[in-house]
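Here is a friendly walk through one protein model, in questions and answers. Have the structure open as you read.

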Amino acid sequence: MNPTPETKTPEPETAEASTTEATEVISDSRSESEAPSLKKADSPAADATDESSDPEGVHDLDDDDLDDAEDDGDDDLAAHRSSGLGAAAAAVVAVCLSIIALSGTWTGRVVAERETLVGQITIGQSATADQQISEIYGDAWHATAAVNGVVALLALLIGVVVLVLPQRAAWVRPFALAAAILGFLGLLVSVGMYFDLFAALPAAPAG
């Protein structure tokens, strides 16, 4: 009969050593898997990614800064609207003044009547016909021309100022240009009437 082989049982020390080696292998594998993630978190590329996500530092702004920015935008919009409204109003006023200067003003008529009254008071009974024409009528006509000329000059200046303004609506420019042209024409007519270029004072016949 063949002898039965003896079964060798592993020694306790050998089994314990194998368990220790397996634990070390698992620990090393875990440390290697965690190392790239730590390197990735600490790398400059991660910092650059964080910075690129917030290039202007928007997240650093607080609510007060955002409110200030909105207030500044509202102020600029209000200033733009007010300047455009002022330019439009000035253009309309200039057109009205230029038309009044050409047609005649109530102020000019009152000043002319006053000059007529003053002439009647100052001249005497011995005044010649030419003196009466000059004092009673000539001064009144010249006063009317002077008042209309001042109004025409004012319309011309306002129209030119509106034309050079940078902030205005599209329809304001034609109004301002028309006011400047009419004001210039009114000024020419007033100057001509004041210096008797278009119509001279009548003269008394020689007697």
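Q: How many helices and how many strands does the protein chain have?
A: This is a predicted model, so what follows describes a prediction. From the N terminus on, the elements run α-α-α-α-α-α. The count is 6 helices and 0 strands.

Q: What share of the residues in the protein chain is buried?
A: A residue counts as buried when its relative accessible area is under 20%. The protein chain has 207 residues, and the buried share of them is 19%.

Q: How much of the accessible surface of the protein chain belongs to carbon and sulfur atoms?
A: The accessible surface comes to about 15,200 Å². The part that belongs to carbon and sulfur atoms is 62%.

Q: Of the contacts in the protein chain with a separation of 6 or more, what share comes from residues 24 or more positions apart?
A: Contact here means heavy atoms within 4.5 Å. Among contacts with a separation of 6 or more, the share from residues 24 or more positions apart is 79%.

Q: Why does the distance between the end C-alpha atoms of helix 6 agree with its number of residues?
A: Helix 6 covers residues 172–194, which makes 23 residues. At 1.5 Å a residue, these should span 33 Å. The agreement holds because the end C-alpha atoms are apart by 32 Å.

Q: Which residues of helix 6 are buried?
A: Look along helix 6 for residues with a relative accessible area under 20%. The buried ones are Val 172, Ala 176, Ala 179, Ala 180, Gly 183, Gly 186, Ser 190 and Gly 192.

Q: Leaving aside its neighbours within four places in sequence, which residues is Ser 190 in contact with?
A: Ser 190 is part of helix 6. With the neighbours within four places in sequence set aside, the contacts of Ser 190 are Ala 145, Asn 148 and Gly 149.

Q: Is Ser 98 buried or exposed?
A: Ser 98 lies in helix 3, residues 63–103. Not counting residues up to four places away in sequence, it touches Ala 155, Ala 179, Leu 182 and Gly 183. Its relative accessible area is 0%, so Ser 98 is buried.

Q: What distance separates the C-alpha atoms of Ala 101 and Ala 145?
A: Ala 101 also belongs to helix 3, and at 4% relative accessibility it counts as buried. Beyond its neighbours within four places in sequence, Ala 101 is in contact with Asn 148, Val 151 and Ala 152. Along the chain, Ala 101 and Ala 145 are 44 residues apart, while their C-alpha atoms are separated by 9.2 Å.

Q: Which side chains meet in a salt bridge?
A: Side chains of opposite charge can pair when their charged atoms come close. The structure holds 1 salt bridge. At 3.9 Å, N to O, the pair is Arg 114 and Glu 115.

Q: How are the rings of Tyr 137 and Trp 141 arranged, stacked, edge-to-face or tilted?
A: A search of the whole structure finds 3 aromatic pairs. In one of them, the ring centres of Tyr 137 and Trp 141 are 6.3 Å apart and the planes stand at 45°, so the pair is tilted.

Q: Where do Tyr 137 and Trp 141 lie?
A: Tyr 137 is partly exposed at 45%, and Trp 141 is partly exposed at 43%. They are 4 residues apart, about one turn of the helix, and both lie in helix 5.

Q: At what angle do the ring planes of Trp 171 and Phe 175 stand?
A: Trp 171 counts as partly exposed at 43% relative accessibility, as does Phe 175 at 36%. Their ring centres are 5.4 Å apart. The pair is edge-to-face because the planes stand at 85°.

Note on methods. Residues are numbered from 1 along each chain as its sequence is written. This is a predicted model: local features need pLDDT of at least 70, side-chain atom pairs count only at pLDDT 80 or more; totals for chains, interfaces and linings use all residues. Side-chain values use heavy atoms; hydrogens and water are left out. Helices (H or I, at least four residues) and strands (E, at least two) are DSSP runs, numbered from the N terminus. The expected span of a helix is 1.5 Å times one less than its number of residues. Buried means under 20% relative accessible area, exposed over 50%, partly exposed in between (1.4 Å probe, protein chains only). Accessible areas come from the Shrake-Rupley method with a 1.4 Å probe; for residues, only the protein chains shown count as cover. A salt bridge is a side-chain nitrogen of Lys or Arg within 4 Å of a carboxyl oxygen of Asp or Glu. Rings of Phe, Tyr and Trp (its six-membered ring) pair if their centres lie within 6.5 Å; planes under 30 degrees apart count as stacked, over 60 as edge-to-face and the rest as tilted.
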